[in-house]
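Please keep the sequence and the model in view while I speak.

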Amino acid sequence: MKEKLLTEMTLEELKKKDNTVKKLTAAMAGAVIVLVLAGIFLTIQKGFSVFSIFPVAFLPVFIVMVTGRKKIQEEIEKRQGS
């Protein structure tokens with residue numbers, strides 16, 4: 001299923017998508033924080049391992065989510081300004 005472009009969505013659809021992405025981004029931020037803390041703990045306890053790299057591996061996904069949400073918010077502001 002192909003996702004609609006932001007310019008093709010209604011304002012209501014954009015707001016709903018923004019709300020969903022906001023919740024997912026918050027959950028991902030929480031997961032990254034837990035991974036950082038776990039990585040630090042495991043590095044101190046057992047030395048460097050693959051688990052120490054997990055937060056770095058998930059950081060690009062988090063950044064993509066944040067930039068996607070910013071684009072949605074910009075489109076909403078553009079429509080409400082009109």
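Let me begin with a definition: a nonpolar core is a set of buried Ala, Val, Leu, Ile, Met, Phe, Trp, Tyr and Cys residues joined through side-chain atoms within 4.5 Å. Buried means under 20% relative accessible area, exposed means over 50%, and partly exposed lies in between, with a 1.4 Å probe and protein chains only. The model is predicted, so local features need pLDDT of at least 70 and side-chain atom pairs count only at pLDDT 80 or more, while totals for chains, interfaces and linings use all residues. Residues are numbered from 1 along each chain as its sequence is written, and side-chain values use heavy atoms, with hydrogens and water left out.

Which residues make up the largest nonpolar core? There are 5 in all: Met 9, Leu 14, Val 21, Ile 72 and Ile 76. Two or more residues of this core come from each of helix H1 (11-46) and H2; helices here are DSSP runs of H or I with at least four residues, and they are numbered from the N terminus.

I turn to the packing of the helices. H1 and H2 meet at an angle of about 155°, and their axes are 9 Å apart. The axes are lines fitted to C-alpha atoms over the stretch in contact, and angles run from 0 to 180 degrees between N-to-C directions. H1 is therefore roughly antiparallel to H2, a term for angles over 145 degrees.

Setting aside neighbours within four places in sequence, Val 21 is in contact with Met 65, Arg 69 and Ile 72. With the same exclusion of residues up to four places away, Lys 15 touches Ile 76 and Gln 80. Lys 15 itself belongs to helix H1 and is partly exposed, at 41% relative accessible area.

Finally, the aromatic rings. Rings of Phe, Tyr and Trp (its six-membered ring) pair if their centres lie within 6.5 Å, and planes over 60 degrees apart count as edge-to-face. The count by this rule is 1 aromatic pair. Because the ring centres of Phe 54 and Phe 58 are 6.4 Å apart and the planes stand at 70°, the pair is edge-to-face. Both residues lie in helix H2 (residues 54-81), 4 residues apart, about one turn of the helix. Phe 54 is partly exposed at 31% relative accessible area, and Phe 58 is partly exposed at 36%. Beyond its neighbours within four places in sequence, Phe 58 contacts Met 28, Val 32 and Leu 35.

Methods: Phe/Tyr/Trp six-rings, centres within 6.5 Å; stacked < 30°, edge-to-face > 60°. Contact = heavy atoms within 4.5 Å. Parallel < 35°, antiparallel > 145°, perpendicular 65-115°, else oblique.
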